[in-house]
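Welcome! Let's take a short walk through this model together, one piece at a time.

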Amino acid sequence: MKKGKNRIKPVYPVNVCRECGHPIPTDDIAAVLSPRQRRVYEIVRLAGTAGISSKEIRDKVYENDPNGGPKANIISVFAHYANVRLRPFGLEITARRGPWPLWRLTKREIEEIEDGQNGEICGK
């Protein structure tokens, strides 16, 4: 990738609304997340039950950054704030404890979900 003002910017394929021209998220859950949270969510979701390491997530999140992103591992910060927004859907991004944590998207237990938040979305 080129550096400076002639740098090539990445192009991401997105669905666009025919009426207003705004990008349409891939699913209802992605609609409530910030762009970085959405990227982490999608990477972890696509990893499946095998899980994915923090380094692999960080490499994918910052693959188009010419500086490679921050040196500190901030994936847990993105996951924490994403989990706040994922709570109504009954989902959580979790990592196994230990020296090589693997991140997975897990279903939260029913008793952990607050009253009135069953993960359904109003379809007005």
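In this predicted model, helix 1 lies across strand 3, strand 4 and strand 5, and runs at about 85° to strand 5.

Let's look at helix 1 itself. Its 13 residues cover positions 35-47. From its first C-alpha to its last, helix 1 reaches 18 Å, close to the 18 Å expected at 1.5 Å a residue. Just after helix 1 comes G48, which takes a positive phi of about 75°.

Which residues of helix 1 are buried? They are Q37, V40, Y41, E42, I43 and V44.

Three of them form an open sheet in the order 3-5-4, with antiparallel pairing. Strand 3 and strand 4 are the edge strands, since each pairs on one side only. Between strand 3 and strand 5, the antiparallel pairing runs over two bridges. S53 has L102 in strand 5 as its bridge partner.

Is N83 buried or exposed? Its relative accessible area is 13%, and buried means under 20%, so N83 counts as buried. Leaving aside residues up to four places away in sequence, N83 touches E92 and I93.

Notes: Residues are numbered from 1 along each chain as its sequence is written. This is a predicted model: local features need pLDDT of at least 70, side-chain atom pairs count only at pLDDT 80 or more; totals for chains, interfaces and linings use all residues. Side-chain values use heavy atoms; hydrogens and water are left out. Helices (H or I, at least four residues) and strands (E, at least two) are DSSP runs, numbered from the N terminus. The expected span of a helix is 1.5 Å times one less than its number of residues. Buried means under 20% relative accessible area, exposed over 50%, partly exposed in between (1.4 Å probe, protein chains only). Contact means heavy atoms within 4.5 Å. Two strands pair if DSSP finds at least two bridges between them. Axes are lines fitted to C-alpha atoms, for helices over the stretch in contact, and angles run from 0 to 180 degrees between N-to-C directions.
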